[in-house]
Amino acid sequence: MKTIIIGSNHAGIAAANTLLDNYPDQEVTMIDQNSNLSYLGCGTALWVGRQIDSYEKLFYTKKEDFEAKGAKIYLETSVSKIDFFTKKVYCNTLDGRSFVEKYDKLILATGSVPIKPNIPGADLDNIHFLKLFQDGQVVDKLLEQSNIRNVAVIGAGYIGVEIAEAIKRRNKKVLLFDTADRSLSSYYDKEFTDKMDENLIEHGIDVHFGERAQEYKGTEKVEAVVTNKGEYPVDLVINAIGFLPNNYLGKDHLELFRNGAYFVDNHQQTSDPSVYAVGDCATIYSNALEKTTYIALATNAVRSGIVAGHNVGGTKLDATGVQGSNGISIFGLNMVSTGISVAAAEKNGFKVLHTDFEDLQKPGFMKENAEVKLRIVYDADNRRVLGAQMCSTADISMGIHMFSLAIEQKVTIDQLKLLDIFFLPHFNQPYNYITMAALNAK
């Protein structure tokens, strides 16, 4: 049985390792147009902002690891087309060689592509995206130049906020733009994003919310960003307005979701029984929404790769769905969330309630302490937990995992009221904020 995997980042790697480690009869071929694989893009801002010493350890595997397991791997190789009827993949190497590989099963792990603003001046120099390792390298080198003083970041989602912090740490002036009226609006409600916005402003980020970039001005290099509210001189622009599924190989053959992602079932199988899709190019099932949706996260990519690998290998494995758990840490402020916010729930037609609670992480007599804010979102009709958000300068990240499981298992807000939560002053309060939030729920 021969399986070809197109794309070798998180989802493709997870699928390949699953097949190679568990199914000796599998002949695995991996194809990727990049020169490297397994880059943890979430670490780009860390090394650009000099919070870690170097980027080397952001690569967690290499070509030789797969070859040692018996895989055939082609890097710097693009796929020009797939003949889904004869099951042939047409490939072109960087040095101009062409060849064809035949498959029994195909796994598409082509990921996503950055959204490019369709505005005048978008092709000027010094306008960049942050997706690949090479993108990070280019931006990192530009920030070393003394003539790069003012940097515009377009988009205040996770990547935009993280790279804004990194650039500020490099002692540049940062202007952060978003069409929304706040940062991180896709993940958190206003009561939480207000804290992040204050944090950004306190650390010298020049925020411009409710502004849409309409034009980039310049001769050869970008010299200004024009929005619906003004014009700002800049030397570098980072576009971080989002991603779209990379569906160019199968869009004319496979069933697509409304945003262009490959529509897959709970085995990661597409509308073509011989083709599976994983990671950012595929749909995923949300347990909070109780329907198929699109959530581009590395953790989801890994899970989908494992599911596809086992099903291709011959072991039936159902995906359990996801909650979209995520987190961010900016200038020491930590925020984590799972499921959906109040705003997202209402947008999706839910009648929702929420309960908030703020307290110190530990008893007041403890020296190392921090305030914690918690919100639990739940369905007003059936009381099912739909989401949770947490915010603190303490590391409260592990708490969100419990809420993720609660959403998956359809736990109600009332079942959390007397949850067995231990107490020790080193860790938490006797009246835990999770318990208190649940007890205060309407």
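A salt bridge here is a side-chain nitrogen of Lys or Arg within 4 Å of a carboxyl oxygen of Asp or Glu. Keep that cut-off in mind for the first views, and remember throughout that this is a predicted model.

**View 1. Lys 190 and Asp 194 pair up along helix α6**. The two side chains meet in a salt bridge, with N and O 3.1 Å apart. Both partners belong to helix α6, which covers residues 190–202, and they sit four residues apart, or about one turn of the helix. How accessible is Lys 190? Its relative accessibility is 43%, so Lys 190 counts as partly exposed. Asp 194 comes out at 27%, so Asp 194 is also put down as partly exposed. There is a network to look at as well: salt bridges with shared partners join Asp 189, Glu 191, Asp 356, Glu 358, Lys 373 and Arg 375.

**View 2. Glu 101 meets Lys 2 in a salt bridge**. Across the whole structure, a search turns up 22 salt bridges, and this pair has an N to O distance of 2.3 Å. Which strands do the partners come from? Glu 101 is in strand β6 (residues 98–102) and Lys 2 is in strand β1 (residues 2–6), so to speak a link between distant parts of the chain, 99 residues apart. Glu 101 and Lys 2 are both buried.

**View 3. Arg 170 reaches Asp 140 in helix α4**. Here the salt bridge spans 2.7 Å, again N to O. Arg 170 sits in the loop between α5 (158–169) and β11 (173–178), while Asp 140 is part of helix α4 (residues 133–143), so the contact ties together parts that are 30 residues apart in sequence. Are these two buried or exposed? Arg 170 and Asp 140 are both buried.

**View 4. Val 302, Ile 306 and Leu 317 make a nonpolar surface patch**. The patch comes to about 180 Å². Val 302 has its place in helix α7, residues 298–313. With a relative accessibility of 33%, Val 302 falls in the partly exposed class.

**View 5. The largest cavity has a lining without charged residues**. The structure holds two cavities of 30 Å³ or more, and the volume of the largest is about 40 Å³. Around it you will find Gln 268, Val 278, Gly 279, Ala 282, Thr 283, Ile 284, Ile 295, Asn 300 and Ser 304. Sorted by class, that lining has four nonpolar and five polar residues.

**View 6. The second largest cavity is lined by residues including Phe 129 and Phe 243**. Its volume is about 30 Å³.

View 7. The elements giving two or more residues to the lining are α9 (399–408) and α10 (433–439). By class, the lining divides into ten nonpolar, five polar and two charged residues.

Key:
Residues are numbered from 1 along each chain as its sequence is written. This is a predicted model: local features need pLDDT of at least 70, side-chain atom pairs count only at pLDDT 80 or more; totals for chains, interfaces and linings use all residues. Side-chain values use heavy atoms; hydrogens and water are left out. Patches are made of residues with over 30% relative accessible area and no salt bridge: like charges are joined within 9 Å, nonpolar side chains (Val, Leu, Ile, Met, Phe, Trp, Tyr) within 5 Å. Accessible areas come from the Shrake-Rupley method with a 1.4 Å probe; for residues, only the protein chains shown count as cover. Buried means under 20% relative accessible area, exposed over 50%, partly exposed in between (1.4 Å probe, protein chains only). On a 1 Å grid over the protein atoms alone, a cavity is a set of points where a 1.4 Å probe fits but cannot get out, and a pocket is an open set with protein on both sides within 12 Å along at least five of seven lines; lining residues have an atom within 4 Å of a point. Grid points are joined across faces, edges and corners, and a volume is the space filled by probe spheres set on the points. Ala, Val, Leu, Ile, Met, Phe, Trp, Tyr, Cys and Pro count as nonpolar, Asp, Glu, Lys and Arg as charged, and the others, Gly among them, as polar.
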